Amino acid sequence: MVLILNRFIAYYFSLVLLIGGLAYAPWVLASYDMFPSELVFVFVIVGGVSPTIAGLIAARLEYGKGGVKRLFDQFTRKGFSKLWFLAAVLLPLALAAFAILLWSIAGGIYALDLMKLAEFPPLLIASFLMNMWEEIGWRGYALPTLQKKHNALVSSTIIGVFWALWHWPHFAVKDSVMAVGYHNYLWFAIFLSLYSISYTWLYNCTNGSLFAVSLYHASTNAAGTILFIEGNVSHNIFPFYFLTVAILATVLVFVFKPDSLCRRAR
């Protein structure tokens with residue numbers, strides 16, 4: 001297999017890593033008292049929206065004036081059951097719950113506070129408003145561009161690798177929550193590459209709905225925050241969460257086939 005990346009997707013990956021890296025660098029430095037902490041917030045916001053910034057630039061270069069509209073129109077895609085939106089919200093909760101079950105079977109002790117679940121709806125909304133700016137780039141621009149040349153599985157893997165590279169500052173920050181929760185950067189990169197497969201599956205099954213994958217991303221972070229981080233069990237549960245996501249990826253590839261993972265988005 002020959003990996004073919006056209007110049008526009010190469011522009012996207014280069015820009016998202018450059019903008020994200022530069023914007024997040026002050027955050028990393030501030031964690032070591034090498035940069036004024038009161039200025040970090042603005043830089044972190046720019047880092048968080050860097051996938052969108054890179055996506056807008058690449059789309060404008062590739063499609064001209066219609067590039068921006070082409071990206072944002074994916075939030076209103078039609079032609080699929082709206083139950084997919086419910087699946088996008090509930091599947092991350094189910095994955096987290098299954099990981100907890102596996103950990104419990106292995107001898108882990110988990111005390112579920114049902115009242116914590118009341119935090120889920122507002123946290124889901126907040127996460128959506130933050131995470132959609134990632135999805136506009138990764139799934140809104142990069143995924144359909146890659147799928148012009150590569151099958152769904154290869155496209156998912158490529159995005160997973162660059163998505164992980166984009167997250168490097170989160171692991172460089174002193175006392176990083178991600179570094180503790182995911183054990184180390186390598187395991188995180190593999191985990192994200194596997195998880196990326198389910199994002200592609202959801203995107204393709206919903207005719208390329210950015211709203212669906214943004215909900216999925218938001219629900220994943222909201223579920224992880226409530227069930228793992230707030231319970232202070234992220235580090236212990238991660239191997240079982242990794243296994244759960246690996247099982248999901250394997251099932252999706254087996255059932256829906258690597259070339260389509262449901263059906264190719266328009």
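## Surroundings of Gln74

In this predicted model, Gln74 touches Arg139, Gly140, Pro144, Tyr203, Gly208, Ser209, Leu210 and Phe211, where residues up to four places away in sequence are not counted. Gln74 itself lies in the loop between helix 4 (67-72) and helix 5 (83-105), and with a relative accessibility of 3% it counts as buried, because that value is under the 20% limit.

## Packing of helix 10 against helix 12

Helix 10, which covers residues 185-205, packs with helix 12, residues 234-256, at an angle of about 40 degrees, and the two axes are 9 Å apart. That angle makes helix 10 oblique to helix 12, because angles under 35 degrees would count as roughly parallel and those from 65 to 115 as roughly perpendicular. The crossing of helix 10 and helix 12 is left-handed.

On the side of helix 10, the contact is made by Trp187, Ile190, Phe191, Leu194, Tyr195, Ile197, Ser198 and Trp201, while helix 12 contributes Phe238, Tyr241, Phe242, Val245, Ala246, Leu248, Ala249, Leu252, Val253 and Phe256.

## The disulfide

The structure holds 1 disulfide, formed by Cys205 and Cys262, whose sulfur atoms are 1.9 Å apart. The link between Cys205 and Cys262 is right-handed, with 125 degrees about the S-S bond. Cys205 belongs to helix 10 and Cys262 to the segment after helix 12, so that the pair, 57 residues apart, links distant parts of the chain. A disulfide is, in general, a covalent bond between the sulfur atoms of two cysteines.

The two cysteines can also be described by their accessibility: Cys205 is buried, with a relative accessible area of 1%, whereas Cys262 is partly exposed, with a relative accessible area of 26%.

## Residues with positive phi

Most residues other than glycine have a negative phi. Asn232, although not a glycine, has a positive phi of about 55 degrees; it is found in the loop between helix 11 (210-229) and helix 12, and at 69% relative accessibility Asn232 counts as exposed.

Leu261, also a residue other than glycine, has a positive phi near 50 degrees. Leu261 is located in the segment after helix 12, and at 0% relative accessibility Leu261 counts as buried.

Key:
Residues numbered from 1 in each chain as written. Predicted model: local features only at pLDDT ≥ 70, side-chain atom pairs only at ≥ 80, totals over all residues. Heavy atoms only, no water. Axes fitted to C-alpha atoms, helices over the stretch in contact; angles between N-to-C directions. Helix = DSSP H or I, 4+ residues; strand = E, 2+ residues; numbered from the N terminus. Parallel < 35°, antiparallel > 145°, perpendicular 65-115°, else oblique. Left-handed = near helix turned anticlockwise from the far one by under 90°. Contact = heavy atoms within 4.5 Å. Disulfide = S-S within 2.5 Å. Buried < 20%, exposed > 50% of the residue type's maximum accessible area, 1.4 Å probe, protein only.
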